[in-house]
Amino acid sequence: MIREPLIFEISDEGKRAFSFPELDVPQDKEILKNIPTRDAIEGFPQVSEVEIVRHFTRLSRTNYCVDEGFYPLGSCTMKYNPKINEKMASLPEFTFAHPYAPQDLVQGNLEILKKTEGFLAEITGMDAFTLQPSAGAQGELVGMMFIRAYHEERGHPRKTVLVPDSAHGTNPSSAHLCGYRVQEIKSNEKGTVDLSDLSRTMTEEVAALMITNPNTLGIFEDDINKIADIVHSKGGFLYMDGANMNALVGICRPGDMDVDVIHLNLHKTFSTPHGGGGPGSGPVGVNRQLEPYLPLPIIEWRDGKYFLDFDRPKSIGRVQSFYGNFLVVVKTLAYILSLGSKGLKEISEMAVLNSNYIRKSLEDEYYLKYKTSTLHECVFSDKFQKKYGVTNLDIAKRLIDYGLHPPTMSFPLVVHGALMIEPTETESKRDLDFFIDAMRKIAKESKENPEVLKSAPHVSYVRRMDETKAARQPILKWTREGGSKACK
Ligand SMILES: *Cc1c(COP(=O)(O)O)cnc(C)c1O
């Protein structure tokens, strides 16, 4: 494959990507006098229109995306989402709604927010929702702030938050950001929370347990009721990380499991494609006890219309400008309404079936540390392949040669050399078989021809990369002398 030059390398002095006719009126520089315009940037690339179009088109073709093929990243829910939801979110009534528009003029939009809150509350069994946080991790922090506010109001915020070793990495970070000390709880041999370890560590200094359910091994915490009892008996709260709800939607409700706070990732479960940095939405649901602390403003209904209520004395305050990522919410509502309760339940059934199909199909070739049956994802490791000097990285890179995106690697940390696979509900059996077949071929290659794995990928635009160089020796500015060196 031919290397695409940097745009700086195809730059020539004086080239322009546009041409306008000469002005037929006198130029008036005065008009722009008070407007801060950008000075010429030194070394800024100068290219023609066709050059710029071709450059970015060629680069875009080296990219892999969910519209092109299977994307097995675990803990991510990289699923194909129906385009109709994008179409709904692109209606001008939504995209052109100004955040400062008078509330009377955006009643329909407020209704969309309120309705979605209601559906999410129904799906999760919680009492109230805020749609404001714009990522899962922000939802976690906001949820922890409710818990802190509750304890503070009773005189003592408490010191510690418990987090199982199979939790998502954002959980301890959010607890820490909220001013808590984080203490880890061990998993048992089934891969779920060790109840005796929890009972030992749960004291009246513990503000909450943050539990990821299903956990990052894809395993449902089947002792969740006992876990809730242990935490509540000492006055703590049970926080559930519900980023991976597409194993549970329509089947069971965290509210019924005595969960006190939950966040969802609309950009995983509810039809917003993600990766590449957004936009996302991490709504937080709470029970009645924590409802007074929800962030401002709250959408309320009074005298025949919706309005934004700022009169909430116990609220933790604002956590977002305006009302979060509105268009993500539009997609969520379109998704929920188009599927209906039967369709939503099928999501979970298919996600779990697909994951277990992969788990069963590959368990002879790849080591499974936890044999417990899983929900929406399964975690293998490279233990069998290590004998031949092949690691999870080599397996992941070789998948690229088979036209597939690699799965999540080396996470969760409780499985050494992890390969974490989440097929999602949208993959067909044909596509799953294609993946399974590639994984089997790789297992065979690792015994017979490990060299082909060690040097993979062979057919991709970029070959095996130095995983740390970009972080250790960043080259942030292109120069004609150093530039081409940087991209070799
Ligand atoms: C993705 C994920 C998060 C973090 O969500 P962001 O939107 O990336 O901040 C938290 N917990 C779990 C279990 C996740 O899968």
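Me: Is Cys178 buried or exposed?
Reply: The model is predicted, with local features needing pLDDT of at least 70, side-chain atom pairs counting only at pLDDT 80 or more, and totals for chains, interfaces and linings using all residues. Residues are numbered from 1 along each chain as its sequence is written, and side-chain values use heavy atoms, with hydrogens and water left out. Buried means under 20% relative accessible area, exposed over 50% and partly exposed in between, computed with a 1.4 Å probe on protein chains only. Because its relative accessibility is 8%, Cys178 counts as buried.

Me: Which cysteine has the sulfur nearest to that of Cys378, and how far away is it?
Reply: A disulfide is a pair of cysteine sulfur atoms within 2.5 Å, and the structure holds zero disulfides. Cys378 is accordingly in no disulfide, and the nearest cysteine sulfur belongs to Cys76, at 14 Å.

Me: Are H9 and H12 roughly parallel or roughly antiparallel?
Reply: Helices are DSSP runs of H or I with at least four residues, strands are runs of E with at least two, and both are numbered from the N terminus. Axes are lines fitted to C-alpha atoms, for helices over the stretch in contact, and angles run from 0 to 180 degrees between N-to-C directions; H9 (residues 326–362) and H12 (residues 429–448) pack at about 30°, with axes 10 Å apart. Angles under 35 degrees count as roughly parallel, over 145 as roughly antiparallel, 65 to 115 as roughly perpendicular and the rest as oblique. The pair H9 and H12 is therefore roughly parallel.

Me: How are H11 and H12 oriented to each other?
Reply: Helix H11 (residues 392–401) packs against H12 at an angle of about 125°, with the two axes 10 Å apart. The orientation of H11 and H12 is therefore oblique.

Me: Which residues of H11 make the contact with H12?
Reply: Contact means heavy atoms within 4.5 Å. On the H12 side the contact involves Phe435, Ala438, Met439, Ile442 and Glu445, and on the H11 side Ile395, Arg398 and Leu399.

Me: What is the omega of the cis peptide bond that joins Phe411 and Pro412?
Reply: Pro412 is placed in the loop between strand S11 (408–409) and strand S12 (418–421). For the cis bond between Phe411 and Pro412, omega is about 0°.

Me: Where does Ser75 lie?
Reply: Ser75 has a positive phi, near 65°, although the residue is not glycine. Its relative accessible area is 5%, so Ser75 is buried. Ser75 lies in the loop between helix H1 (49–61) and helix H2 (83–89).
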